[in-house]
Structures are given as structure tokens and as C-alpha cells.
Amino acid sequence: MIRAVFFDIDGTLQSMITHEIPERTLRALYALKEKGVLLFPCTGRPPVQLQMLSQNFQNFPWDGYVMLNGQYCMDGEKKMFYDHPIRRETFDTLIPYLETVNHPVTFMELDYQYDLMFNENAWEYVKKIGREDLMTPADDIHRVFTHPTYQISPLILPEKDEEFLKHAPYMKSVRWTDAFADMIPCDGGKPEGMKQIMEHFHIAREETMAFGDGGNDISMLEYAGIGIAMGNGRDEVKAAADYVTDTCENSGVYYALEHFGVL
């Protein structure tokens with residue numbers, strides 16, 4: 001029996017076109033709540049970006065949150081019960097490197113995020129995910145030495161990951177898209193956040209289902225009892241899933257829940 005469901009947000013729960021949760025998907029979420037199924041967003045976004053999401057997302061009574069690709073977990077009241085920031089040693093070598101290159105890089109804390117620089121590609125991507133008016137400007141990257149930082153997101157192509165990671169010890173790359181990388185601690189990831197949720201709520205792995213569409217969702221789908229790829233997802237995500245459903249816009253979440261008898 002499925003007792004908990006984990007959802008990526010962008011392109012899975014929330015449409016990249018309308019920036020809303022499709023109505024049929026939203027009705028399915030409320031139906032699951034009525035059945036007592038626990039529901040958790042599992043996203044690369046930091047807590048500060050929750051305000052960028054649709055009102056129907058913000059108003060939904062989530063049971064908890066897996067944020068920053070598994071590096072930070074909160075309960076339904078948004079009280080933290082797990083956090084795993086980047087090690088200080090990473091920045092001893094990474095910051096000098098970044099001061100010599102021309103990469104837009106986002107640094108994510110919990111209640112604040114800032115950028116090393118912006119260029120046209122960076123602004124276009126911000127507009128794509130919505131609410132560029134809520135994004136913070138460039139700031140001093142030496143904040144990393146005085147403020148816990150959980151994720152670094154450089155706007156680089158996949159072939160640049162190896163070079164970046166040479167200067168970022170104890171880190172690994174997880175990608176939702178080819179447009180940018182999410183650099184997180186090498187022992188982190190969405191499955192680690194899921195484990196923390198399962199322990200906190202006393203849920204067994206086989207009692208879970210997960211939905212995703214991007215590269216950073218692959219390990220989440222593989223770890224869950226049942227992994228569902230969205231029809232709009234990347235080919236490698238579909239290959240890793242137990243089942244491929246319809247697109248986000250066509251209520252793929254609803255149809256997969258119906259297919260597996262969870263609804």
C-alpha cells in the first residue's frame with residue numbers, strides 16, 4: 001500500500017507553461033490527502049523560492065518538504081528536522097576558481113540566494129521558471145564563509161561539469177536540465193532527503209511513490225517503491241522509471257495514480 005508520494009515540482013507538479021498545478025492534478029492531491037496518503041514536494045529549489053510558486057501550490061497542506069535536492073527537510077509546519085550544508089573545504093578552492101571565470105553562478109542559502117553575475121542566458125532562464133521580480137541580485141560570493149550554503153548552481157553545459165568539480169571537492173553534479181547544474185555535497189541527493197522523511201514519518205521504502213521529469217529525479221525514481229516519469233520528461237528519466245505517464249499539462253500525475261490504484 002502506498003502511504004507517501006514524493007513530487008518534483010517544475011515540469012512535474014507545476015506546469016512550465018502556465019506555472020500552475022493543473023486542476024485535475026490538484027484535485028487528485030486533495031483526494032490523496034482525504035485517504036491519509038502523505039504528500040511531499042521533493043525539489044532542487046531552496047525554501048526562499050517557495051514564494052515563487054503558484055498559489056495553489058502554496059495553499060496546499062503538504063505534509064513536509066524535501067528541498068535543495070535533499071539537503072534540507074522540513075515538516076508540514078516548515079520546521080527543519082534535517083540539514084546538510086556544503087563543507088567549508090569546498091569553498092577554499094572553489095571561490096578562487098570562480099573569481100577567474102565568467103560563469104553565472106547561483107548560491108543558495110535557506111532564506112536568501114544570490115549570484116556571482118548575470119548574463120542574458122541567466123535572465124532568460126529565470127523568466128522561464130517564473131517570478132524574476134523575486135530573484136535576488138548579485139552579491140559577494142565570500143558570504144559562503146560566514147553563511148551556510150546548501151547548493152551551487154552554475155549556468156554551464158554538461159561537458160563543463162568535470163572542470164568545475166575539479167575545483168569543488170566533496171561535491172557532485174545533479175542536473176534537471178542541460179542549461180545548468182546543481183552542485184551538491186557528494187553524499188547528498190533527493191534519495192537522502194527521502195530517507196530522512198521516511199525515518200521522520202515512519203514510512204517504509206516500499207510504501208512510497210515518486211514523480212519526476214528531470215535528470216536530478218532519476219535517483220529519486222529509482223529509490224522509491226514506484227518511480228513515475230512524466231511524459232514531458234527526459235529520455236533517461238523515462239528509462240529509469242517503473243512507469244511513464246502523460247505530461248504535466250495533461251494531468252499525468254492523476255493518470256499514474258489511477259493506473260496504480262492509489263486513487
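**View 1. Leucine 68 in the loop between β3 and β4.** Leucine 68 sits in the loop that links β3 (64-67) with β4 (72-75); helices (H or I, at least four residues) and strands (E, at least two) are DSSP runs, numbered from the N terminus. This is a predicted model, where local features need pLDDT of at least 70, side-chain atom pairs count only at pLDDT 80 or more, and totals for chains, interfaces and linings use all residues. Residues are numbered from 1 along each chain as its sequence is written, and side-chain values use heavy atoms, with hydrogens and water left out. Leucine 68 isn't a glycine, yet its phi is positive, near 55°. Its relative accessible area is 0%, so leucine 68 counts as buried. Here buried means under 20% relative accessible area, exposed means over 50%, and partly exposed is in between (1.4 Å probe, protein chains only).

**View 2. Lysine 78 in the next loop.** Move on to the loop between β4 and β5 (80-83), and you'll find lysine 78. Lysine 78 is another non-glycine residue with a positive phi, this one near 65°. With a relative accessible area of 45%, lysine 78 is partly exposed.

**View 3. Strand β1 and its two neighbours.** In β1 (residues 4-7), Ala4 and Phe6 point one way while Val5 and Phe7 point the other, and all are buried. β1 runs parallel to β2 (residues 38-41), with four bridges between them; two strands pair if DSSP finds at least two bridges between them. On the β2 side, phenylalanine 6 stands opposite phenylalanine 40. β1 is also parallel to β11 (residues 208-212), again through four bridges. In β11, alanine 210 stands opposite phenylalanine 6, and phenylalanine 211 is the bridge partner of phenylalanine 7.

**View 4. The five-stranded sheet and its β2 edge.** The open sheet has five strands in the order β2-β1-β11-β12-β13, and the pairing is parallel. β2 and β13 (243-244) are the edge strands, each pairing on one side only. Even so, β2 has both faces covered: Leu38 and Phe40 on one side, and Leu39 and Pro41 on the other, are all buried. β1, helix α1 (residues 23-35) and β2 form a right-handed β-α-β unit. Right-handed means that, with the strands pointing away from the viewer, the path from the first strand over the helix to the second runs clockwise.

**View 5. Methionine 171 and its contacts.** Methionine 171 belongs to strand β9 (residues 171-177). Its relative accessibility is 9%, so methionine 171 counts as buried. Leaving aside residues up to four places away in sequence, methionine 171 touches Ile86, Thr90, Ile152, Leu165, Met183, Ile184, Pro185 and Cys186 (a contact being heavy atoms within 4.5 Å). Isoleucine 152 is 19 residues away along the chain, and its C-alpha atom lies 9.7 Å from that of methionine 171.

View 6. Helix α6 (residues 190-201) has 12 residues, so at 1.5 Å a residue α6 should span 16 Å; the end C-alpha atoms are 17 Å apart, which agrees. The expected span is 1.5 Å times one less than the number of residues in the helix. Buried residues in α6 are Lys190, Pro191, Glu192, Gly193, Met194, Gln196, Ile197 and Met198. Just past α6, histidine 202 has a positive phi of about 60°.

**View 7. Zooming out to the whole protein.** Nine helices and 13 strands make up the secondary structure. The radius of gyration is 18 Å, close to the 18 Å that the globule rule gives for 263 residues, so the protein is as compact as a globular protein of that length. That radius is taken over C-alpha atoms, and the rule is 2.2 Å times the number of residues to the power 0.38. The C-alpha atoms fill a box of roughly 55 × 35 × 35 Å along the principal axes. Of the 263 residues, 57% are buried.
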